[in-house]
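Colleague: I have the sequence and the fold on screen. Can we go through the packing, one question at a time?

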Amino acid sequence: MEYQFYEAFMADSLIQEKVGQRIKFYEYPDTDDLKEGPFIVIDPLDPPLPSDYADNQWLTEDYLYQIEVWSLDKTDRNLVARRIQQILWDQFNFGNYGGGVDEWDRDTGIYREARRYRGKAYVDPL
């Protein structure tokens with residue numbers, strides 16, 4: 001699922017303009033790298049869980065992701081975070097799922113926003 005998110009983000013003009021190729025999985029950017037511009041971090045919080053059963057077989061998997069935007073510019077961070085939220089809703093029907101972080105680090109000047117998204121996707125039969 002994270003690769004589908006990645007492809008959707010890469011296809012978006014605002015994310016391409018602000019972030020470009022700076023999308024990571026599971027790892028966080030080095031502080032110095034943020035001089036290049038904002039970063040997106042895609043981090044699965046749970047493995048996919050079986051959901052929605054019929055005839056003793058699960059039909060969907062439930063996903064929980066945390067997607068973070070790191071930036072030295074608060075306005076860019078907010079624009080990218082809102083665009084991610086819209087993409088996940090419009091294309092994947094994933095909605096915000098509580099939790100998250102909105103912070104600024106005084107020592108580094110980094111603005112960070114982490115939002116959690118939950119959604120389901122149909123599974124391919126084995």
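This is a predicted model: local features need pLDDT of at least 70, side-chain atom pairs count only at pLDDT 80 or more; totals for chains, interfaces and linings use all residues.

Colleague: In the largest nonpolar core, which residues touch the most other members?

Modeller: This core holds 24 residues. H3 gives the most, with 6 residues. The residues that touch the most other members are Phe-5, Phe-9, Ile-40, Ile-67, Ile-84, Leu-88 and Phe-94.

Colleague: How far apart in sequence are the parts tied together by the pair of Phe-5 and Tyr-65?

Modeller: The structure holds 11 aromatic pairs. In this one, the rings are 5.0 Å apart centre to centre, with 70 degrees between the planes, so it passes the 60 degree cut-off and is edge-to-face. Phe-5 lies in helix H1 (residues 2-10) and Tyr-65 in strand E4 (residues 57-71). The pair therefore ties together parts that are 60 residues apart in sequence.

Colleague: Are Phe-5 and Tyr-65 buried or exposed?

Modeller: Buried means under 20% relative accessible area. Phe-5 has 0%, and Tyr-65 has 2%. So Phe-5 is buried, and Tyr-65 likewise counts as buried.

Colleague: Which residues do ring pairs link into a cluster?

Modeller: Phe-5 and Tyr-65 are a pair. Both belong to a cluster linked by ring pairs. Its members are Phe-5, Phe-9, Tyr-63, Tyr-65, Phe-92 and Phe-94.

Colleague: How many residues of E4 are buried?

Modeller: E4 pairs with E7 in the antiparallel sense over 12 bridges. E2 is joined to E4, also antiparallel, by 6 bridges. E3 pairs with E4 in the antiparallel sense over 5 bridges. E4 is mostly covered, and of its 15 residues the buried number is 12.

Colleague: Which residue in E7 stands opposite Leu-64?

Modeller: Take Asp-62 as a reference: its bridge partner in E7 is Lys-120. For Leu-64, the residue opposite in E7 is Arg-118.

Colleague: In the hairpin of E6 and E7, which residue takes a positive phi?

Modeller: Strand E6 (residues 101-105) is joined to E7 by 5 bridges, and the two run antiparallel. Trp-104 has Tyr-111 as its bridge partner in E7. The hairpin has 4 residues between the strands, and the positive phi, near 75 degrees, belongs to Gly-109.

Colleague: Where in the chain is confidence lowest?

Modeller: The mean pLDDT of the chain is 93, and 98% of its residues reach 70 or more. Confidence is highest in helix H3 (residues 74-92), at 97. It is lowest, at a mean of 89, in strand E3 (residues 49-54).

How values were computed:
Residues are numbered from 1 along each chain as its sequence is written. Side-chain values use heavy atoms; hydrogens and water are left out. Rings of Phe, Tyr and Trp (its six-membered ring) pair if their centres lie within 6.5 Å; planes under 30 degrees apart count as stacked, over 60 as edge-to-face and the rest as tilted. Buried means under 20% relative accessible area, exposed over 50%, partly exposed in between (1.4 Å probe, protein chains only). pLDDT is the predictor's confidence in each residue, from 0 to 100. A nonpolar core is a set of buried Ala, Val, Leu, Ile, Met, Phe, Trp, Tyr and Cys residues joined through side-chain atoms within 4.5 Å. Two strands pair if DSSP finds at least two bridges between them.
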